[in-house]
Amino acid sequence: MKKRVAILGATGSIGKSALDVISKDPDNFEVVLLSARSRITELEQLKKQFPSAVCVNNNLLDAIRNVQPDITVNGIAGSAGLEPSIAAIKSGSNLALANKETIVMAGELVLKLAKEMGVNIIPVDSEHSAIYHLINGLGAPSEIILTASGGPFRKHTIQEMQNVTVEDALAHPTWNMGTKITIDSASMANKGLEIIEACILFKIQADNVKVVVHPQSIVHSMIRMHNGAFYAQLSKPDMRNPIADALYWPEIAPPAIDPLSFDSLTLEFEKPDTNKFPILNLAWEAARLGKLYPCVYNAANEEAVSCFISNKCGFLDIPKIAEYVLQMDWSKEFDNIEAVLEADKKARLEAVNFIQKMR
Ligand code: NDP
Ligand code: MG
């Protein structure tokens, strides 16, 4: 039986990679739903390529409910991905989840809902994909080690980072991704989001999630088992790999990319500089505090990034904005998505007020 696949954010970096994987195996996959937001011409092109798919740029939640896919690839950027993830789970669809914001904002509620609905959430974020498959093979680890490329400013001094432009931040050394996540990789807010994502997805304490800078982006993450040994997943930095792993799961995916050659391969590792990238420590703290802090970390950072992109604040203001919003009280208990959306909105307002005061 073919898997009926929905691709949310089909015009984006993840969406295109997912379509590439699926197009190579029409015997196993059928595209039933494609969504976009602003790239309408591209969506129309996709409609020609996949004529039986429902294509939408609005009413996405209704479309998910109507189509009821077997598996949904969520490649929507940012917090806008949360409600579509929930709609997919409620429609009984498994979730191949690239949209890390779903977990950061409301991970516990989303995992509980998935359990109730009997559907699987298979992470696509490359680090979490690596960890997910390692844990499936080996069991629960004592420590998770997330690798980070270090981004384009790895070798910059703080003084040099003071005046970097949006263009500088978009020049990622190893990965080719959408705008928001690329800026987050430059500030290491992306690794911060991933620390939180790992804590929630793998039910592990924040202090047992470590980060190591690995500029080649070949080792996609590691786990340390109770005997002290480390286990890692290695492949070229190409998202078609974790996307295929999620789409074929629980089967083993055929190779989605060329294999890695060990003929001349140098792998380097170094400690992240939290003075240069203070947003990392904020993420560990938000993960420790739990409650609404992870959601607020994401919301404040999203606002800060959109201000940086529109030249309303500097690159080094991004962690300052997040820190300002996170020092407020976000310790309210909650058991519904409405409370999450409310905190998200409030945190954004606080971020915007702070940015206006800074100028
Ligand atoms: P892109 O910016 O390349 O693509 C985003 C997609 O989401 C586009 O199709 C866009 O539509 C759509 N979209 C944006 N805003 C909305 C909205 N408000 N409502 C509905 N659809 C919307 O992002 P990426 O593919 O890089 O990232 C997608 C997600 O995957 C993010 O959560 C990111 O963190 C995660 N991820 C991405 C990786 C990567 O390699 N790119 C790696 C690991 C995780 P349109 O363009 O038509 O406006
Ligand atoms: Mg990642």
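This is a predicted model: local features need pLDDT of at least 70, side-chain atom pairs count only at pLDDT 80 or more; totals for chains, interfaces and linings use all residues.
Biologist: What should I know about the numbering and the cut-offs here?

Modeller: Residues count from 1 along each chain as its sequence is written, while chains are lettered from A and ligands numbered from 1 in the order in which they are written. Local features need pLDDT of at least 70, side-chain atom pairs count only at pLDDT 80 or more, totals for chains, interfaces and linings use all residues, and side-chain values use heavy atoms, leaving out hydrogens and water.

Biologist: Which element gives the most to the lining of the second largest pocket?

Modeller: A pocket is an open set of points on a 1 Å grid over the protein atoms alone, with protein on both sides within 12 Å along at least five of seven lines, and lining residues have an atom within 4 Å of a point. This one is lined by 24 residues, with E108, I200, A287, G290 and K291 nearest its centre. Helices are DSSP runs (H or I, at least four residues) numbered from the N terminus, and α5 (101–117), α10 (189–201) and α12 (279–289) each give two or more residues. The top contributor, with nine residues, is α5.

Biologist: How many charged residues are in that lining?

Modeller: Asp, Glu, Lys and Arg count as charged; Ala, Val, Leu, Ile, Met, Phe, Trp, Tyr, Cys and Pro as nonpolar; the others, Gly among them, as polar. The lining has 14 nonpolar and three polar residues, and the charged ones number seven.

Biologist: Is E194 buried or exposed, and what is its relative accessible area?

Modeller: E194 sits in helix α10, and its side chain makes a polar contact (here a donor and an acceptor, N or O atoms within 3.5 Å) with the side chain of K191 at 2.5 Å. Contact means heavy atoms within 4.5 Å, and E194 touches K100, D125, E127, H128 and L146, leaving aside residues up to four places away in sequence. Buried means under 20% relative accessible area with a 1.4 Å probe, protein chains only, so E194 is buried, at 1%.

Biologist: What volume does the largest cavity have?

Modeller: In a cavity a 1.4 Å probe fits but cannot get out, and volume is the space filled by probe spheres set on the points, which are joined across faces, edges and corners. Its lining includes M161, K276 and F315. The volume is about 40 Å³.

Notes: Buried means under 20% relative accessible area, exposed over 50%, partly exposed in between (1.4 Å probe, protein chains only).
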